[in-house]
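Take a look at the structure, then follow each solution step by step.

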Amino acid sequence: MLNLGVLCSGSGTNLQAILDACANQSLDAQVKLVLCNKPGASALERALRAGVPSQVLSHKDIPSREEYDARLVTLLQEYQVDTVVLAGFLRIVTPVLLDAFPDRVINIHPALLPSFPGLDGQQQALNYGVVLTGCTVHLVDAGMDTGPILAQAAVPIFEEDDRETLVQRVLRQEHRLLVEVLRWFAEKRIKITRIDGKRPRIYVQGRPRAFWSNDR
Ligand code: GRF
């Protein structure tokens, strides 16, 4: 059973996908704590409705990133979290958090990395004119959306798309992909090997890591 800490900044639909999968037992996990850097984020209401503890840690009160992450770590450890999910958490994390949860900080990004890292991957994809984008679940490292890729789902872009239609199409895949990857952690299917100077290699036992959708 995974003990999850979910970090959010906004609407929390990925959090909701995790809460639903825990509730219907399709994921062997429990959300121990939802942490939000913005007071009033809908993610907090979702936690409340699911009966899951939540806390707000405003970055405005703690200007140093390291100090902020140290406070995050204290809270996550207090709630016995073993796996941290950044689910729409719009902050760069530091080694203070990463070293406390080695290979156990997971991010969902709304583009096919390494394309379109950073903010608004969907708008970046539209601006570039690609006809295929998607989402990526990856381990977090000290860079911006640079960590080892666990799984990706491809999503087509249609001529009539605007940011909102694309955001929704990608989000539907995010919800599926994030829960699927968490299942792999729960089932201990993920192996990570490191050779000096090379990117870490990920192996997932018995499961495909690439997905695509023709969903409109
Ligand atoms: C998602 O698109 C996620 O990939 C990005 O921020 C968005 C968060 O959405 N990092 P939600 O808060 O889970 O609804």
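Cysteine 22 is buried (under 20% relative accessible area; over 50% is exposed, and in between is partly exposed, with a 1.4 Å probe and protein chains only), at a relative accessible area of 16%. This is a predicted model, where local features need pLDDT of at least 70, side-chain atom pairs count only at pLDDT 80 or more, and totals for chains, interfaces and linings use all residues. Residues are numbered from 1 along each chain as its sequence is written, and side-chain values use heavy atoms, with hydrogens and water left out.

**Exercise 1.** Work out how many disulfides the structure holds.

*Step 1.* Recall that a disulfide is a pair of cysteine sulfur atoms within 2.5 Å.

*Step 2.* For cysteine 22, the closest cysteine sulfur is in cysteine 8, 13 Å away, so this is too far for a bond.

*Step 3.* Cysteine 36 is buried too, at 1% relative accessibility. Its closest cysteine sulfur, in cysteine 8, lies 5.8 Å away, again too far for a bond.

*Step 4.* The count is zero disulfides.

**Exercise 2.** Describe which residues of α1 and α2 meet.

*Step 1.* Look for contact (heavy atoms within 4.5 Å). Thr13, Leu15, Gln16 and Leu19 of α1 meet Ala43, Arg46, Ala47, Arg49 and Ala50 of α2.

Definitions and conventions:
Helices (H or I, at least four residues) and strands (E, at least two) are DSSP runs, numbered from the N terminus.
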